[in-house]
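Let's take a walk through one protein model, strand by strand and ring by ring. Have the structure open beside you as you read.

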Amino acid sequence: MGTYLLFFLVCLRITTVFSAEVTDPVLCNATSSERVEYEFSTDVVGSEHIITFRGYFLRRARENYVTAALNNAGVSNWTIVQRENPAKDYPSDFDVIVMNEGGRAALDALKDHPAIRRVTAQRIVQRTIKYVQEDTNCGPNGCLYTGWRNHRRRALHSIRKPRENEGYSSRKLLRTVPRQITSVLKADLLWSLGVTGEGIRVAVFDTGLARHHPHFGRVRERTDWTGENTLDDALGHGTFVAGVIASRADCLGFAPDADLHIFRVFTDNQVSYTSWFLDAFNYAIMRKIDVLNLSIGGPDFMDHPFVDKVWELSANKVIMVSAIGNDGPLYGTLNNPADQMDVIGVGGIGFDDRIAKFSSRGMTTWELPNGYGRMKPDIVTYGSGVRGSSVTGGCKSLSGTSVASPVVAGAIALLASGVPRQHVTPAAVKQALCVTARRLPGYNMFEQGHGKLDLISAYQFLREYTPQASLSPPYMDLTECTYMWPYCTQPLYYSAQPTIANVTVVNGLGVAGDVKEVTWHPHLPHGGLLSVSADYSPILWPWSGWLALSFTVLQEGADFDGVVEGHVNITIESHDETKERTMINTTLMLPIRARIIPVPVRSRRLLWDQFHSLRYPGGYFPRDDLRAKHDPLDWHADHVHTNFRDMYRRLREHGFYLEVMGTPLTCIDTSLYGALLLVDPEDEYFPEEMAALKKAVDSGLSLLVFADWYNASLLRHVKFYDENTRQWWIPETGGANVPALNDLLSMYQIALGDRVFEGAFKLGGHPMYYASGTHIHSFPKHGVLITAQLSDQGQQIMSGEKGGGKAGAGVDNTVDVPILGLLQTDSGNREFTNDTVDKLPKHYITSSLVNLGFSMKLEVDPPPVCID
């Protein structure tokens, strides 16, 4: 059998609009229904920078530091933005500066000052919430509760409405929406014990709260950080969130006696800035907030001032709860700060205990492309059809992870008021929630984290809590499906690329600690066939750290078929949180279980090139979808377990083994693999890699190339001005680095073009959509080309035209575009002409890879030294 080259130049554009039901009543038993849609975008602010200092200083001292730095650079035309908010008279660790001259030299001078830690761009955040009116009336039965103090008086009315013919209008198994979210999680049991949230300070960072709202009794403080000189909530989102946490009437909150601190950080136009959050966070620390709910988020985990301040909040024992995002069911779409180790990231489920479609999925993508992501969310809870306070004084229902987040925040406030105060730390609370969570059957750890919130069990855990360290997940069973997806879907075998698992260390012993030692202990009789190496954060701060484990099979296990076991010991040293500050040593045990099989045949082993997949912030890499104008940056690296999850699943279903390549091609023994997959690579290939690939293909390695768009004019068209570097940013490449691929493929007389196409078409009878993809410019005559009728998207964008090329368009502006090529490198005795798929000889498709390719859903330094 010869070597095959397959080129499939397509990217599936996926647009997710989150829709959910909302009910907004004037009275508790007279509601109107709405659908809510969320959108989120972020951008830099012209001429403004955030200067982060190495400590907290008064305004005059901070100004003196800036003046000294810029005078040395000869810069005089600058202004420090005066921030008129409740934190203005307190010491601060940052300033916002507007510079009209100096450019790069001024930024360098600021960064060189010994009192200045970092200079970054000011960012603006735009969140859009749209309510669409649908239907009315929530039913005639009224509320099951009239107030939190009457928790023992339950009205057990029938929820089924008889028809005139004595039938029932509908039956929905396990889908009855409860009137009180608090009753579902059994908060009333804690209320009956006198546990009501009293004494706990809860901060709500959102859109504000009306002054005389009838649902709230203990609003201790309302502050505005936007400069709009209002504290009210014109949007209703902040009111709803606060109600889920601490409402006292109608739609009850979990902690009705908690002290609410309302931080208005979004304007009526739903705009916010990084600096507003930084000031508000500092103020929350000074006000000794216990629990902070942040029902917003975004993809920018490299907004350094924001991320650093979240760490500081945790270090000051502020328990932050944040929504993981509404970008589900796509994987790898977690929002920040919910994806941080020290934050409790919350996903959403329905009242049928199914993961909500809108709830973002893990893994985290901080670690890509060089490592593997962590398990998130931490837990899930009800976030679909949850009733909370309306801005008009009644109740309404909303759906989203921004609803699930205050459910957990309110639950934490309730728990904290009923347990010893020293037990209320970010780590202890996270351990209580995660250890006692109830796992949902049929969902993996990147969908549900540790499982569903169990309020009563968490309360019992915290009451009896002893400071301890723990691991998340607490074990690694690579055979357990479906929870341990994707590990359980592919066994280990000798000579495979390392399988990496990222475990979070939660340090309940203290805010800071050290990892002293990590050791692997194989169990008899076969554990010695498995090699486990570890990389880890030597310092645990705040309250957490990471542990990356790499699994490989030793040569002695090349023919073994069975399960192996062992455990990893992690020795931690930390000061406890008591006044004595006693040093504590503890050793955690992480059980390991894995399935090993004999080495698969070469034709079944595929190699996925992760090494050449890049994303922002390593450079300006635009999204694959050119229509995504509101946020052009490619935040998440491509990965076979995130945006290419469906492709991975299909390959495994057909008996292929997919390994992830995290090193240059020169470090890989390509003779072990049947095919190499190059999927939208952004990085270039070194000459040594190209030579190695040519040799590998000549020796029988098949090559599959999936290339996205590239066009020099479009790259200039999607440029933007970056205030951090004081220069225009032009993308490093397009959706794929087509010039680099052309260099790689030139040895086969293959070249990809620079036109960008989109449109609907059929391939092998299957409906497909080609989104922002390139085309094949030249191809050997003895190969086979597949064409499709597509629209020139690049021309449309440059000319400002609306998209076309889809079925049903009034005017056919499509062209016949070659999008898929098949080439057999040793096929000199075969004569095929470029033609359509209908004339493709059936006997030519001898490899299952080609068939699978048709069904996929897609959207200079020296090379590193290989270390054995």
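Start with strand β12 (residues 319–323), which pairs with β13 in the parallel sense over 3 bridges. Within that pairing, A323 has V346 of β13 as its bridge partner. On to strand β14 (residues 379–382): 4 bridges join it to β13, and the two run parallel. There, G347 stands opposite V380 of β14.

Before going further, a word on where this comes from: the model is predicted, so local features need pLDDT of at least 70 and side-chain atom pairs count only at pLDDT 80 or more, while totals for chains, interfaces and linings use all residues. Residues are numbered from 1 along each chain as its sequence is written, and side-chain values use heavy atoms, with hydrogens and water left out.

Helices (H or I, at least four residues) and strands (E, at least two) are DSSP runs, numbered from the N terminus. Two strands pair if DSSP finds at least two bridges between them. As for cover, buried means under 20% relative accessible area, exposed over 50%, and partly exposed in between (1.4 Å probe, protein chains only).

**Strands and a sheet**

How many residues of β13 (344–349) are buried? The count is 6 of its 6 residues. I344, V346 and G348 point one way from β13, while G345, G347 and I349 point the other way, and all are buried.

Elsewhere, 5 strands make an open sheet with mixed pairing, in the order β18-β25-β24-β20-β22. β18 (476–477) and β22 (539–540) are at the edges with a single partner strand each, so one side of each has no neighbour in the sheet. β18 runs parallel to strand β25 (residues 583–596), and 2 bridges join them.

A pair of aromatic rings is described by the distance of the centres and the angle of the planes. Here, rings of Phe, Tyr and Trp (its six-membered ring) pair if their centres lie within 6.5 Å; planes under 30 degrees apart count as stacked, over 60 as edge-to-face and the rest as tilted. A search of the whole structure finds 23 aromatic pairs, and two of them are in this table:

| Pair | Centre to centre | Angle between planes | Type |
|---|---|---|---|
| F461 and Y465 | 5.8 Å | 50 degrees | tilted |
| W485 and Y648 | 6.3 Å | 85 degrees | edge-to-face |

W485 sits in the loop between β18 and β19 (499–507) and Y648 in helix α12 (residues 645–653), so this pair ties together parts that are 163 residues apart in sequence.

**Charges over rings**

A charge sits over a ring if NZ of Lys or CZ of Arg is within 6 Å of the ring centre and within 35 degrees of the ring normal. R604 lies over the face of F656, at 4.4 Å from the ring centre. R604 is also 48 residues from R652 in sequence and 9.9 Å from R652 in space, C-alpha to C-alpha. R652 lies in helix α12 and is buried, with a relative accessible area of 18%.

Most residues other than glycine have a negative phi, and most peptide bonds are trans. With that in mind, look at G362 and M363, which are joined by a cis peptide bond with omega of about 10 degrees. M363 is in the loop between β13 and β14. Another cis peptide bond joins S472 and P473, with omega of about 0 degrees, and P473 is in the loop between β17 (469–472) and β18.

S495 belongs to the loop between β18 and β19 and is partly exposed, with a relative accessible area of 22%. Q749 has a positive phi too, of about 60 degrees. Q749 is found in the loop between α15 (738–745) and β32 (751–752), and Q749 is exposed at 56% relative accessible area.
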